[in-house]
Amino acid sequence: MTAALTALPTAFEAVKVDYAAVGPMLVVVAAALIGVLVEAFAPRLLRHTIQVVLTLTALVVAFVVLVLVSVDHHGVTVGGSIVIDGPALFMQGSLLIFAVLGILTMSERFGGRSADAFTPMGAATPGSPAEAAADRAGYATSEAFPLTMFAVFGMLMFVSANDLITMFVALEVLSLPLYVLTGLARRRRLLSQEASLKYFLLGAFSSAFFLFGAALLYGYAGSSDLSKIASAITTANGDLEGLLLPGVVLTLVGLLFKIGAVPFHSWTPDAYQGAPSPVTGFMAAATKLAAFGAILRLAYVGLEASRLEWRLGVAAIAVLTMVVGAVLSVTQTDIKRLLAYSSVAHAGFILVGVLAFDRTGVSGVMFYLVAYGLATIAAFAIVALVRSGGSEATHLSQWAGLGRKHPVLAGIFALLLLAFAGIPLTSGFTAKFAAFAPAIAHGGLAGVVMVVVGVLASAVTAFVYFRLIVLMYFTEPTGDDVAALTPSIASTIAITVGALGTVILGIVPGPILDLAGRVSQFIQ
Amino acid sequence: MNSLALLAAEGEVASATGITAYAWLLVLLPLAGAGLLLLGGKATNAWGHLLATALSWASFVVGLLVLLAMVGRGHEERAAHVGGWNFIPAGQFQLETGLLVDQLSIAFVLLITFVGSLIHVYSIGYMAHDPNRRKFFAYLNLFVASMLLLVLADSYLLLFVGWEGVGLASYLLIGFWNHNPAYATAANKAFFVNRVGDVGMSIAIMLMFATFGSVDFATVHAGAAEAGSTTMTVLGLLLLVGACAKSAQFPLQSWLGDAMAGPTPVSALIHAATMVTAGVYLVVRSHSIFDAAPNAQLAVAIVGAITLLYGAIVGCAKDDIKKALAASTMSQIGYMMLAAGLGPVGYAFAIFHLITHGFFKAGMFLGAGSVMHGMKDRVDMRGFGGLSGFMKITWVTFGLGWLAILGVPPFSGFWSKDKIIEAAFIGEGWRPWVFGGIAMIGAGITAFYMSRLFFMTFHGKKRWVDEHEDAERGVHPHESPLTMTVPMMVLAVGSGLLGLVLSWGGMFTHWLEPVVGAHGEEHPVLAVPVIMALTLLLVAGGAAYAWMLYWRDEVAVVAPRGSLVTQAARADLYQDAINEGLFMRPGTHLTRALVFTDGKGVDGVAGSLAAMIGGASSRLRRVQTGYARSYALTMLTGVVAVLGALWVMN
Amino acid sequence: MSNPYVPILFLLALGFVFAAGSVFTSLVVGPKRYNRAKSEPYECGIQPSPRAEGGGRVPIKYFLTAMLFIIFDIESVFLYPFAVAFDQLGLFALVEMVMFIITVFVAYAYVWKRGGLEWD
């Protein structure tokens, strides 16, 4: 302890900040703050337009800064809290693209005056006169856009956090806006608010686990810095050995919660179902990517040396996740819950790649996340379009015969489902291959077992997706007035990008795989 | 020439030149047809089926030209590699795809395109009045394209793409008349069983990737001899699982009988001539893996022998003409599997029998379709009889197929099946006696049930009512139009002569030698003339017994109760009951939770495995109570469990 | 005392003893005089909303004000050490602090403009 005391600086030293490296984050957070001011000062009727333009511009600027400037500024910065390296940049770039697509789907108005997915007044009691009045007056929760930007900022920080404190702050910054966004659905508001509350409670619960784990790791290593934890593990003399394993497990639990791994997945179906569909799409794609980014960094930079002690536990979680996600998706009757369980199963598939502990595993996981995210955002954008009597038709029986009424839309959805099922020539197949092959090559017996389970589980999920395709194309419509609305140009762009990405990553995955492979080295 | 030197030679396949360089056209032509018909919509209704047929023939012509170019080259330089596109060029994942045009694949190409095109022609007549004719032809074209991709692929990965493609086309075509719930269920069953096979295939591919660093045939074959024998055995067994599912081999045979729900041309093309033989192709193509894993090879032979008998016994009791033919297909593929499991002595004969079988079985299926066409789509043979006078062409063409499958000289089957029986008698210890004996007995049973089918349908007393007497139940048997009979005639010629032509001077086996390897002169444990004589005797006995029962004697219109064996065979030897007992019962009472739409069985009791998963799913779903407190408890339990388990382990 | 968990266990036991002891002590020594105010949900502060349903709801404004109070409270927590060590920290820290205050004031502006500070 005395050693630690003497190491304290006698005088204050300002940390070095490489502003070019963290530029994209600064742009995003600045836009979020300006967005809040817009909410405060801009006339009500103009807010939606201003917010959409502002957020999209900021995201594009952030992406340009990332590609042109930040790529040349690798290294640890902000006093060791942030590290900008290949995986961080790759995932930040993917996050910004997901955010653009997510904002595009969220801005969908369907000819109305405000974003159609969001309630006109979040504070009003569902079904109350105040809500109806707000609706008549054309109020809108355009706060959704700055909230999304805050979440994006948190995610950008999450994938580049180099110590546990920063990681925790990022976790909270990305989570809190998402809790709020989940509760803002325009229709079925009680369901939405219930989902929001559950997500918040369980999220807080898991944050507590993470924080406790981080405290134990700090106690073990004397530092929350990931690389210092790594060196502490290799040079440990065994005194504090008892702190390591609980610390590792508890921090990982906090992160596994975010990806929806079993048994920390219970919030997923409820939150996915209750949240406005565009938010669900964004959340599923971006949160998953960010959380896996953090898991990769924690596992590969901080805890790799101790992996033999905890790998089996996470492998068991991966197996459980795949099996439970796949099996439970079979009996779902709601399209959003079905996609939620499918997302749980996908989280398991990706974990298989994580546990390879090899550079190829990192690139495979990153590729999988991009492929899955693109398909997911497009899929939920389509879910938002299928309506009956003004609200989303999410019961599967309402999707019967959709292929006859809307062949193009149903065709795109079928393509996305094929990708989820991992059928060759779609991104899903390449992604599964990229994630599973390293697990077989480097994962030993556990890797092989996980891949076998993974392939079996994907056979089960394939049945679910095929059944849905059969339902859309070969079953008579139920006679409800279910119809797909014509998407605006923004949604059309998002769906097109998602579908094209799915095809391109399936047929010519080379460039992206190549990129992911080249940037898969973490800075230790 | 030993097989190792051969493998080395295989690794240095020359790049294609001339017409061979355009081999992609083989796949692209029918694929373009499928795309045009599906995307073109109603605009193509009028002429879509003609376009599809023309493109299929065009693909055949390309195949013929490639063959001619190949014949022009020397014996050892015939194989050619056609570069494709670099599927995954990144870092460690080097996955290049291309086509391998060699003696084996070209044989398949010609079989697929020729029989496939004939069946396109036949379908013009058969599907003339179907409102969804355009879609049917689009799916047929899709099937031909996928099947060609499957056999032309130069790597297991591309093969797998074709493998999935034929599965998809088969699924779409079995369920083509999905307004009938039983048909949709049959499609789902086929889908399920094939997913089991796909699991085997995908794991095999990943295992190859991990072992050899590549999944193209050349690298895998070159490395097979050096890799560990355990790996090779596992690999072989995984491939066998895939092959069993696709080729309806024991114990994954249950889907084929139900697949007969599809339109008859589909049964002829997919479930007799081509797709179901893909498993045999896979085994022969992977011969170097199986050569390095004798145990896996033995498993192939055992699976083949069991299926051979299984299909034959089931075939004896089926009264549905298509299901009887399906059982026969299963049994004949059992022969091919058995041959493929015998090692180098059998590979060429497996493929040879596959080709001749493709002709005579497709011909017989088309004949069955023609009979159904004239009999108001009835399939129960107990309601047929004496049709030879009413459908002369169908009778003659079917008769030629019948003679071929019986193995009567000089028809096709004699040349291919007898060779397999002879090869089965080669070896040491118990194997030749068991495998040879089964193959020989199987030939006798085959003769019985095929003669039964033939006599019940075309001979004996008529057991149907004429339309003049009873307009409601009566039928008016008549010959089918020319678009249907011409393909039957062409296939009948093949059934008659193909075997003789191809085996002239060992031409076909010699042709395949550079691919599957030559083998030394080996002698069966019994003298060849003895085997031949015994087989023919059994065949004659089987046919004569069938003649007594189903031609000379009266055939009951309603099936008699029959002996226990008959009852078992009629129920497919209780395959569904066994599946049910093993997989289904645990979840049966919960299966209803699966049905959520229209009770049509789109999603209902699709397969026993589905029911089990559905049951498990319903039970697990109860954990999802909707209460945040129980979710939190689940999380806490998870944390404690993981922590506790790791603590104990360390 | 090499096992690092022993102090934790000790602390746990101490906490438990304190909690149980407090409850017990107040049960024994505390005066027991009941009046109407004792049976209200809150003895002091805001009354439950007049349109109470299911046991009475507290107006959302109450929580809003409480949360705003916490936010500015936290701000002063950060400002205090800064002010103490201002001379050592220099320009960088000043800029950082200004950024922090701006961020908080953006939220303040939002709440103010959108009526979060008006009670009725």
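How many residues of chain A are in contact with residues of chain C? In this predicted model, where local features need pLDDT of at least 70, side-chain atom pairs count only at pLDDT 80 or more, and totals for chains, interfaces and linings use all residues, 13 residues of chain A are in contact with 15 residues of chain C, two residues being in contact if their C-beta atoms, placed from the backbone, lie within 7 Å. Residues are numbered from 1 along each chain as its sequence is written, while chains are lettered from A in the order in which they are written.

On the side of chain A that touches chain C, the elements giving two or more residues are α2 (23-41) and α10 (241-259) of chain A, and the largest share, 6 residues, comes from α2(A). Helices (H or I, at least four residues) and strands (E, at least two) are DSSP runs, numbered from the N terminus.

| Property of chain A | Value |
|---|---|
| Secondary structure | 21 helices and 5 strands |
| C-alpha span along principal axes | about 75 × 55 × 40 Å |
| Buried residues | 66% of the 524 residues |

A residue is buried if 20 or more other C-beta atoms lie within 10 Å of its own, with C-beta atoms placed from the backbone. Helix α15 (residues 359-385) of chain A has 27 residues and reaches 40 Å from its first C-alpha to its last, close to the 39 Å expected, a span taken as 1.5 Å times one less than its number of residues; of the 27 residues in α15(A), 26 are buried.

Notes
Buried ≥ 20, exposed ≤ 12 C-beta atoms within 10 Å, placed from the backbone.
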